[in-house]
Every structure is written in C-alpha cells, then in structure tokens.
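This report describes a single protein chain and the side-chain contacts of one of its residues. The structure is shown below.

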Amino acid sequence: MSNKADFQNFFPVDNSSLTNLHYDLVASKFMTGIENHKRTQYNNSASNSAVFPLIGAIIQIIFGLVIAILGILKFIFKSLR
C-alpha cells in the first residue's frame, strides 16, 4: 500500500496539507481557465457587437434613400400630369 494520496478518483475531505495543496492547484487551474474564457469571449463579442449595428445602420440608410427617391419620383410624375 502506498502513502501517496490518489487524487484521480476522489477528492478527500481531510484537512491535511497535501489535500489543501491539491485543492489550491485545482482552484488555480479552474480560475485560469475561466479568465482565459472570459478574455477570448470578450474579444470575440467586442468585434461582433460592432459589426451588427453597423450593418443595420447601412441597411436603414439604403432603405431610407430608396423610399426618398421613390417619393421624389412620385412627386415629379404627379406634377408633370
């Protein structure tokens, strides 16, 4: 039998220094993963959040110009009659 604790199959609940070290390492890796995920998620969402409103604004401008041109043409044809 080995004195080495087997941390792969369970998480012990004693308060030994080896258990506390293991929990500190697991928590450190977990927090590093969360920080990396937030960092990449922020970078991806920041670029996407600027693109969609810009596309929407361009579509609105084009739609507004088409409506204005149709209104002007309608006014011109009515005044010619």
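In this predicted model, the side chains of D14 and S16 are joined by a polar contact of 3.4 Å. The side chain of D14 also makes a polar contact with the side chain of T19, at 2.7 Å. Both contacts are listed here.

| Side-chain pair | Polar contact |
|---|---|
| D14 and S16 | 3.4 Å |
| D14 and T19 | 2.7 Å |

D14 is placed in the segment before helix 1, which covers residues 17-80. Its relative accessibility is 43%. Because buried means under 20% and exposed means over 50%, D14 counts as partly exposed at this value.

Of its 81 residues, 5% are buried. The accessible surface is about 7600 Å², and carbon and sulfur atoms account for 67% of that area.

An unreviewed UniProt entry lists residues 50-77 as "transmembrane region". In the model, this span, residues 50-77, is 100% helix and 0% strand.

Conventions:
Residues are numbered from 1 along each chain as its sequence is written. This is a predicted model: local features need pLDDT of at least 70, side-chain atom pairs count only at pLDDT 80 or more; totals for chains, interfaces and linings use all residues. Side-chain values use heavy atoms; hydrogens and water are left out. UniProt positions are given in the numbering used here, feature names are shortened, and annotations may be inferred rather than shown by experiment. Helices (H or I, at least four residues) and strands (E, at least two) are DSSP runs, numbered from the N terminus. Buried means under 20% relative accessible area, exposed over 50%, partly exposed in between (1.4 Å probe, protein chains only). Accessible areas come from the Shrake-Rupley method with a 1.4 Å probe; for residues, only the protein chains shown count as cover. A polar contact is a pair of N or O atoms within 3.5 Å; within protein, one must be able to donate a hydrogen and the other to accept it, and residues adjacent in sequence count only if both atoms are side-chain atoms.
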